[in-house]
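Biologist: Could you take me through this model?

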Amino acid sequence: MATTLLIVLLVIACIALALFILIQNPKGGGLATGGASSNMFGVQRTGDVLEKGTWVLLALIVVFSLAITAMSKSSSATGATGSKIDELINKTAAPSPIGSGLPTKSTAPAATPAKADTTKK
């Protein structure tokens, strides 16, 4: 339950980070649509907020990712994973000792390729 919540929060943080990055002006203006007169209405502050928000969202993504990994590792150490991949791995047969699983020579003769007709017509 907690892992699912963290994954949902991680996805929301990723989408928000993508939006923050797309809103920013590549030249550092950040929502600036005019020349020098735009600074009069606080566009510089908007750029600062977008930059700080980007860093905060990046930090949240790192924290959520580490928390999900830690929770996943702790649940797998206790053996309560419930993952279908883990079940399939556990169901596979244990490998046989070296040498006993080698194929033996078959007693049936190997199929020989048909000879091509080499006579000229």
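Biologist: What pLDDT does the chain average?

Modeller: The average is 74, and 55% of the residues score at least 70; pLDDT is the predictor's confidence in each residue, from 0 to 100. Confidence is highest in H1, at a mean of 92, and lowest in helix H3 (residues 84-91), at 75. Where pLDDT is low, the predicted coordinates should not be read in detail.

Biologist: How many helices and strands are there?

Modeller: The chain has three helices and zero strands. Both are DSSP runs numbered from the N terminus, helices being H or I with at least four residues and strands E with at least two.

Biologist: Which residues make up the largest nonpolar core?

Modeller: Eight residues do: Leu6, Leu10, Ala13, Leu17, Leu57, Ile61, Phe64 and Ile68. Helix H1 (2-23) and helix H2 (43-78) are the elements that give two or more residues to this core. Such a core is a set of buried Ala, Val, Leu, Ile, Met, Phe, Trp, Tyr and Cys residues joined through side-chain atoms within 4.5 Å. Buried means under 20% relative accessible area, exposed over 50%, and partly exposed in between (1.4 Å probe, protein chains only).

Biologist: And where on H1 are its buried residues?

Modeller: In H1, Leu6, Leu10, Ala13 and Leu17 are buried. They cover an arc of only 70° around the axis, which puts them on the same side of H1; the arc is that of the directions from the helix axis to the C-beta atoms. The face turned away from the buried side of H1 carries the exposed residues Thr4, Leu5, Ile12 and Leu22.

Biologist: Changing topic: is Thr54 buried or exposed?

Modeller: Thr54, in helix H2, counts as buried because its relative accessibility is 15%.

Biologist: What does its side chain make a polar contact with?

Modeller: The partner is the side chain of Gln24, at 2.7 Å. A polar contact is a pair of N or O atoms within 3.5 Å; within protein, one must be able to donate a hydrogen and the other to accept it, and residues adjacent in sequence count only if both atoms are side-chain atoms.

Note on methods
Residues are numbered from 1 along each chain as its sequence is written. This is a predicted model: local features need pLDDT of at least 70, side-chain atom pairs count only at pLDDT 80 or more; totals for chains, interfaces and linings use all residues. Side-chain values use heavy atoms; hydrogens and water are left out.
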